[in-house]
Amino acid sequence: MAITTIEQAAAALKFEIAGIVQGVGFRPHVYRLAVRHGLKGFVRNTESGVEIHVEGKPGAPERFFAALMDTLPEHARVYGVEQTVCEPAGFEEFRIVESDSTPGGVPMMLPDLAPCPECLKEMRDPASRRYHYPFTNCTHCGPRYSIIEEMPYARAGTSMKKFRMCPECLREYRDVEDRRFHAQPIGCPSCGPSMKVLFSDGSELGFGHGFDTPAEQVAWVLADGLIVALLGVGGFQLLADASSEAAVRRLRRLKERDAKPFAVMVPDVDAAGKLCRLSEEEKRLLASPAAPIVLAPGRKDVDLAPSVCMFSRFVGVMLPSSPLHALLMDVWRKPLVVTSGNLSGEPLCISVEEGLQKLGHVADVFFVHDRPVVRPVDDSVVRVMDGRAMMVRRARGYAPRPVWRTSAEAPDVLALGSGLKNTVCWLKNGVAVMSQHLGDLDSAASLNAFERTVETLGRTLGAVPQVIAVDAHPDGPSFTLGRRLARAWNVEVVPVQHHQAHVLACAVENETPLPALGAAWDGTGFGTDGTVWGGEFFVMEEEGAPRRVARLRPFLLPGGDEAVREPARCACSLARQMAPWRTDGLEQRLQGGMTMQKREALEAMMARNIQAPATSSMGRLFDAMAFWCGFDGVAGCEGHAAMMLESWAAAVSGEEMPGEPYEWVMHEEGGLLELDWRPMLKAVDDDLLRGVSRGCIARKFHESLVYVAFDVAERFSLDRLVLGGGCFQNAFLLEGLAGMAQSRRCQLSLPQRVPCNDGGISLGQAAAVVRQWKG
C-alpha cells in the first residue's frame with residue numbers, strides 16, 4: 001500500500017462495522033462512495049465485518065459515512081459501528097485490500113440469494129456470453145452460505161476456489177464499475193461450474209433429440225411423468241409434474257411421504273396468483289431475494305393433482321430460487337412439485353455420489369453440477385398472518401442472519417435446540433446466529449449432520465462456548481451431545497425446559513417489554529415434574545426463568561407415542577374423565593371409530609398406568625377434537641389431525657355458527673391455575689347429539705381457545721401475551737388471537753423471524769442462559 005506525505009490529508013477516521021456486510025457488494029459500494037467524496041484510504045473484510053479507513057479534507061470523512069449509512073446495498077445490515085479518530089497516513093488512493101483475519105469479532109455470513117433481475121435478463125439474452133448459463137450471479141445475488149467454508153468471505157474460502165477465473169471474468173471482478181466487482185462466486189461457461197444429466201446408474205444422458213440445453217432434457221423427462229433429482233443451491237430436490245396425479249402419487253410412495261403437502265414452484269408471481277389468493281405481502285415475499293415457500297390460501301379448480309396439497313387448505317408456492325430453476329421454469333412453464341431430496345428422517349443429500357446412492361430408487365434422472373455444496377440448506381417456509389411474515393422453517397434465504405442482539409458482556413453460548421425441527425444457535429459477543437433448519441434428529445445420518453453443523457458453524461464464527469444449553473429431556477439428542485461437548489470444552493451444561501425456551505424465543509425476538517404472559521402450546525415437551533407438557537402459561541419477569549402459572553387439565557396418553565399417531569387414543573383418554581356426565585355423543589363417536597376390544601385394552605393401560613404418561617398437551621387436545629369431528633385412522637404426518645380441524649373451522653363463517661364459543665372452567669389445582677376442558681367437551685357432546693356440523697364444532701373450539709388465552713392474561717393482570725409452540729402455526733387460531741388482542745387492549749407478540757415451532761427452541765435456550773448467567 002503506497003504512502004505519500006502526511007500533509008496530504010488533514011482528517012482521518014476509521015470505521016469498524018459489524019453486520020451483514022460481506023458478500024453483498026458492500027466493499028465496492030464503499031469504494032465508489034469514497035472516491036466520489038475525494039477520500040483516500042482502504043476498505044477490507046475482517047472476522048467481524050468490515051474495516052474502513054478514510055482520509056481527506058476536514059468534514060469529508062463524516063460526510064462520507066453519513067452518505068454510506070443512507071445508501072447501504074440492498075442486502076446489507078449494519079448492527080454496530082465503532083468510529084476512531086486516526087492520524088492521517090497519507091494514502092495515495094482508495095483501495096480494496098486483502099482481508100484481515102484477526103480473530104475476535106463475529107463474522108456475518110449472508111444467506112443464499114435468488115437471482116436478481118439483471119442476472120436473469122443476462123441469462124436470457126442470446127447475445128450474452130452467459131446465455132442459458134445456470135450459475136449466473138453478481139454481488140446482489142447468488143450462493144453464499146451454502147458455499148462458504150471459512151470467513152472472512154473470499155473466493156479462496158468457498159467451494160468456488162476450484163474454478164479459476166477466465167480473463168473476461170477476472171476483468172469483471174476487478175472493474176469497480178461492474179456489478180461483479182469482487183463478486184466471489186463469479187463464473188461463466190468458460191471457467192465456472194457446469195451441469196450434466198445422469199441416469200440413476202450414474203451414466204450420462206447425452207444431448208440430442210432436438211434439445212439445446214440440459215433444462216430442455218429435464219423438462220422432457222418431467223413431461224413423461226418421471227421424477228427428477230435436481231442438485232440445487234443447498235442440496236438435492238425431487239421434482240415431479242404437479243398436474244399429474246400418477247407422478248405425484250409415485251413420488252409420495254417412493255419418498256415415503258404419505259400425507260404431508262408438497263410445495264409447488266411456478267414461473268412468476270402471476271402464475272402463483274392463479275393457484276393462490278395472494279396478499280401484497282405474500283407477493284413481496286415470493287419475489288424477494290430469499291425466495292421462500294409461501295403458504296397461501298389455495299384457489300379452487302386449479303391445475304394441481306389432488307395429492308399435491310392433500311388435506312391442506314394452503315398451497316406452498318415458490319418462485320425459482322436459482323438461475324438453474326429459472327432456466328427449467330422457462331421451459332416447463334407450469335406448476336412443478338419441488339420437495340426435499342432426502343430419505344425419510346434423513347438430511348438433504350448434497351453430493352452427486354450421495355444423491356445417486358440414496359435417491360437412485362426414487363429419481364429416474366439426476367440433474368447435477370460440479371460446484372460443491374458445503375452444507376445442506378433446505379427451502380425456507382413462511383406464512384403471512386395479520387400482515388406480518390411468520391417463519392415456519394428458517395433456512396435458505398434467511399439463515400444464518402443474526403436473530404437477536406444482547407449485551408456483549410453476555411456469555412458465549414452454544415444452544416443445541418430440540419430433537420425435532422432442530423436448529424443450533426451460537427451466541428458470541430452478544431450476537432445470536434442460528435443455523436439453518438436441520439430437521440428431526442431421529443436417524444444416525446441426521447445426528448451426524450447435527451454434530452457437523454455444530455462444529456462447522458462454530459468454526460466459521462470462531463466461537464468457543466462458555467456455556468452449553470440443551471433441552472431438559474435427559475434422553476434427548478441435544479442433552480447427549482451437550483454433555484459430550486461440555487467435557488471436551490470443560491464448560492457447564494445448562495438444561496432449559498422446552499416450553500420456557502419457546503416463550504423466551506418469541507420474547508427476545510420481539511424485544512417484548514416485561515412482565516408478560518407466555519403461552520406455550522405444542523404437542524410434546526419434557527416437563528420439570530416428569531410429565532409431558534404442552535398447554536402451559538408462564539409469567540415472564542425482567543429477570544429469572546419464566547414461572548409456570550397455569551396448565552391444561554392433564555390426561556393420559558395410552559401407548560405414549562402411539563397416541564401421537566392415532567388421535568382416537570387421545571379421545572379415549574379424554575372420554576375417560578367425563579364420567580360425572582352422560583356423554584352419549586362422545587360414546588357413539590368412539591364406538592364408530594374404535595373396536596370394543598381396542599377400547600378395553602386402552603382402558604386397561606390407563607387404569608394400570610402402563611405406557612400411559614400424563615400430559616397437559618394442547619396439541620393432543622387438538623388431535624382428540626379432530627377425532628370427535630370425524631378424523632379417523634392414523635395421522636399421515638405431524639399435525640395432520642390438527643390441520644384437518646383447522647380447515648374445517650375455517651370453512652365455516654361466523655354467521656353459520658350456532659351458539660357461542662365453548663366455555664372452559666378455571667380453578668386452582670396444586671398451586672397452578674388449571675384449565676378444565678371437561679365443560680367444553682360436554683358442550684361438544686351436546687352438539688354431536690344435535691347433529692351440529694363438524695365445521696361449526698371445530699370453529700367453536702378454536703374460538704374458545706382464543707378466549708381462554710386472554711382470560712388467563714386478565715387473571716394475572718398482564719396486558720402482554722407472548723406466543724410460542726407449534727400450535728400457533730394454526731392460521732385460524734392466530735387470526736382469532738390477533739383480533740381479540742385489539743378488543744382486549746393486549747399487546748400480542750408473535751414469532752416472526754424465528755419459527756414458533758421447535759425450530760426456535762435453540763434461540764430460547766440461549767436467552768435462558770443469558771438471563772441466569774452470573775459470570
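**Group meeting: a walk through the predicted model**

For the whole talk, buried means under 20% relative accessible area, exposed means over 50%, and partly exposed is in between, with a 1.4 Å probe and protein chains only. Before going on, a word on the source: this is a predicted model, where local features need pLDDT of at least 70, side-chain atom pairs count only at pLDDT 80 or more, and totals for chains, interfaces and linings use all residues. Residues are numbered from 1 along each chain as its sequence is written, and side-chain values use heavy atoms, with hydrogens and water left out.

Back to Asn429. This residue sits in the loop between strand 18 (425-428) and strand 19 (431-434). Helices here are DSSP runs of H or I with at least four residues, strands are E runs of at least two, and both are numbered from the N terminus. The phi of Asn429 is positive, near 50°, in a residue other than glycine.

Met310 is another non-glycine residue with a positive phi, about 55°. You will find Met310 in the loop between helix 9 (306-309) and strand 11 (314-318), and with a relative accessible area of 35% it is partly exposed.

**Confidence and overall shape**

How far can we trust the model? The mean pLDDT of the protein is 92, and 97% of its residues reach 70 or more; pLDDT is the predictor's confidence in each residue, from 0 to 100. Over residues 1-9, though, the pLDDT is below 50, and this stretch has 19 contacts in the model beyond near neighbours in sequence. Contact means heavy atoms within 4.5 Å. Where pLDDT is low, the predicted coordinates should not be read in detail.

Now the overall picture: there are 24 helices and 30 strands in the protein. The radius of gyration is 28 Å, close to the 28 Å that the globule rule gives for 775 residues, so the protein is as compact as a globular protein of that length. That radius is taken over C-alpha atoms, and the rule is 2.2 Å times the number of residues to the power 0.38. Along the principal axes, the C-alpha atoms fill a box of roughly 95 × 70 × 50 Å. Of the 775 residues, 61% are buried. Among contacts between residues at least 6 apart in sequence, 73% join residues at least 24 apart.

**The cores**

Which residues touch the most other members of the largest nonpolar core? They are Trp521, Trp628, Trp664, Phe701 and Leu737, in a core of 84 residues. Helix 22 (residues 694-715) gives the most to this core, with 11 residues. By nonpolar core I mean a set of buried Ala, Val, Leu, Ile, Met, Phe, Trp, Tyr and Cys residues joined through side-chain atoms within 4.5 Å. Leaving out residues up to four places away in sequence, Phe701 touches Leu621, Phe622, Met625, Leu645, Tyr662, Trp664 and Met680. A second, separate core has 56 residues, including Phe65, Ala76, Met109 and Leu481.

**Helices to look at**

In helix 17 (residues 584-593), the buried residues are Gly585, Leu586, Arg589 and Leu590. Seen down the helix axis, they fall within an arc of 135°, so they line one face of helix 17; the arc is that of the directions from the axis to the C-beta atoms. What do these buried residues pack against? Their partners are helix 16 (567-576), helix 18 (596-608), helix 19 (618-628) and helix 21 (678-690). On the other side of helix 17, Gln588, Gln591 and Gly592 are exposed.

Pro567 belongs to helix 16 and counts as buried, at 1% relative accessibility. Beyond its neighbours within four places in sequence, Pro567 contacts Asp623, Ala624, Phe627, Phe631, Gly633, Ala635 and Ala641.

Helix 10 (residues 323-332) has 8 of its 10 residues buried, so it is largely enclosed by the rest of the structure. Among those buried residues are His325, Met329 and Trp332. Just after helix 10, Arg333 takes a positive phi of about 65°.

**Two cis peptides**

To finish, a cis peptide bond joins Ala399 and Pro400, with omega about 5°, and Pro400 lies in the loop between strand 15 (388-393) and strand 16 (402-405). The bond from Leu514 to Pro515 is also cis, with omega near 10°; Pro515 is in the loop between helix 14 (498-510) and strand 22 (516-526).
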